[in-house]
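User: I am new to this structure and would like to learn how to read its features one by one. Could you take me through them slowly, giving the general idea and then the case at hand?

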Amino acid sequence: MIAAILISYVAVMFVFLRKQTIKYEQTNPEQALPLSVLIPFRGSVSELSGLLNDLNNQDYPLENVEVLIINDSEQPLHLATKSFRFSLQIIDSLARKGKKAAIDLGVSTAKNEHILSLDADVRLKATHLSGFSQAFAAGNDVVVGVLHYNELPKNFSNYFEYYEYYGMQAVTQASVLFGNSLLCSGANLGFTKATYVKTRAIRTDFELESGDDMFLLQAAKKLKLKIFLASGQSSSALLNYQTNLQAVLAQRIRWGAKSVVYKDVSVIAFTLLVAAAVWLQVWVLGALLLGVINGLELFLLFAKITIDFLLVCKHASVVGQRPAFRVDVVLAYPFITAYLSLRALVGKTTWKNRSINR
């Protein structure tokens, strides 16, 4: 059983890795479509200002762009007066209903058919909007954006985020290219207004504050809509690391908590496979310390660590970075992840001043 699960995991991840080695190119003619950029906001004004500056410096005709900031805090949002090249609207909902409700309000307010949702703390390259516009011009309904960290990791917490998130991003890209999208992030996600309306009509997740991205993706798959991958080089959004390991764990627990209500069979199967492989990695590492491991299990342990390493390397190369690793993080990763899988199912945690119960 141990061998079968680890072999299955390595085989699936190898297929994903192999898919990413096949270059794909967007051959669509450049077309500056009118875009509505939605930015749900409840955080740092300085980070938001950085994103707005990046949008203002896009290599794109910004007269075709409107930016909607949906303020989900309890205080009105005041920004320093500045002349932007795009239309800017601040919507003070003052409701603190969460990101999903903010996206809902933003879509209903947006004037344009093609929508890009961004987290307020990401940063963008000048080519970002052009990449999404080209994907939309080809008639795609959902455009999955890539993400990477704005700098290489510096401490244990950073390295853990980097190692885990880059593996997830590699799976995200490969699964979209396979035509069976497993993951996406609302921090950098495009969709048409018609797509949002169609998917909203069949979604049953609106009692949950978060999950605007994955539930939309799964509904789009159910409706057999066209899902495409934005260019990794030109349309990758830059992330900041969490402030400390506690914040990282709280964020991951939140992600895991919503996964228990996913209904997509492929996503459920993949999640169970990853969880089983992680727990078996913990078991094999423990057996190694006790000296009771056999040769096959040791080989499969090495194979799993290697394929995870290669996936992280691949995503780093896609976004133009060199890979970064720490041995202690690689060894601690399965133990931390196993703990997170348990905490995602039981107990209470807090994320951005919101209590999350299961």
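User: Does C184 count as buried or exposed, and at what relative accessibility?

Analyst: Before the answer, please keep in mind that this is a predicted model, in which local features need pLDDT of at least 70 and side-chain atom pairs count only at pLDDT 80 or more, while totals for chains, interfaces and linings use all residues. Residues are numbered from 1 along each chain as its sequence is written, and side-chain values use heavy atoms, with hydrogens and water left out. A residue is called buried under 20% relative accessible area, exposed over 50%, and partly exposed in between, using a 1.4 Å probe and protein chains only. C184, at 11% relative accessibility, therefore counts as buried. C313 is buried too, with a relative accessible area of 18%.

User: Which residues is D213 in contact with, leaving aside its neighbours within four places in sequence?

Analyst: Contact means heavy atoms within 4.5 Å, and by that rule D213 touches C184, S185, G186, L189 and K258. D213 lies in helix α7, where helices (H or I, at least four residues) and strands (E, at least two) are DSSP runs numbered from the N terminus. With 9% relative accessibility, D213 counts as buried.

User: How many aromatic pairs does the structure hold?

Analyst: Rings of Phe, Tyr and Trp (its six-membered ring) pair if their centres lie within 6.5 Å, and planes under 30 degrees apart count as stacked, over 60 as edge-to-face and the rest as tilted. The structure holds 14 aromatic pairs. In one of them, the ring centres of Y149 and Y241 are 4.2 Å apart and the planes are at 10°, so this pair is stacked. It links distant parts of the chain, with Y149 in strand β6 (residues 147-149) and Y241 in the loop between β9 (237-239) and α8 (245-259), 92 residues apart. Y149 is buried at a relative accessible area of 2%, and Y241 is buried at 13%.

User: What is the arrangement of the pair formed by F215 and Y262?

Analyst: F215 and Y262 are edge-to-face, at 5.4 Å centre to centre and with 75° between the planes. This pair also joins distant parts of the chain, since F215 is in helix α7 (residues 212-222) and Y262 is in the loop between α8 and α9 (265-290), 47 residues apart. Both F215 and Y262 are buried.

User: What span should helix α5 have, and how far apart are its end C-alpha atoms?

Analyst: The expected span of a helix is 1.5 Å times one less than its number of residues. For the 23 residues of α5 (residues 156-178) that gives 33 Å, and the end C-alpha atoms are 33 Å apart, which agrees. Of those 23 residues, 19 are buried, so α5 is largely enclosed by the rest of the structure. Just after α5, G179 takes a positive phi of about 85°.

User: Which residue other than glycine has a positive phi near 60°?

Analyst: That residue is K224, whose phi is near 60°. K224 lies in the loop between α7 and β8 (227-229), and at 74% relative accessibility K224 counts as exposed.
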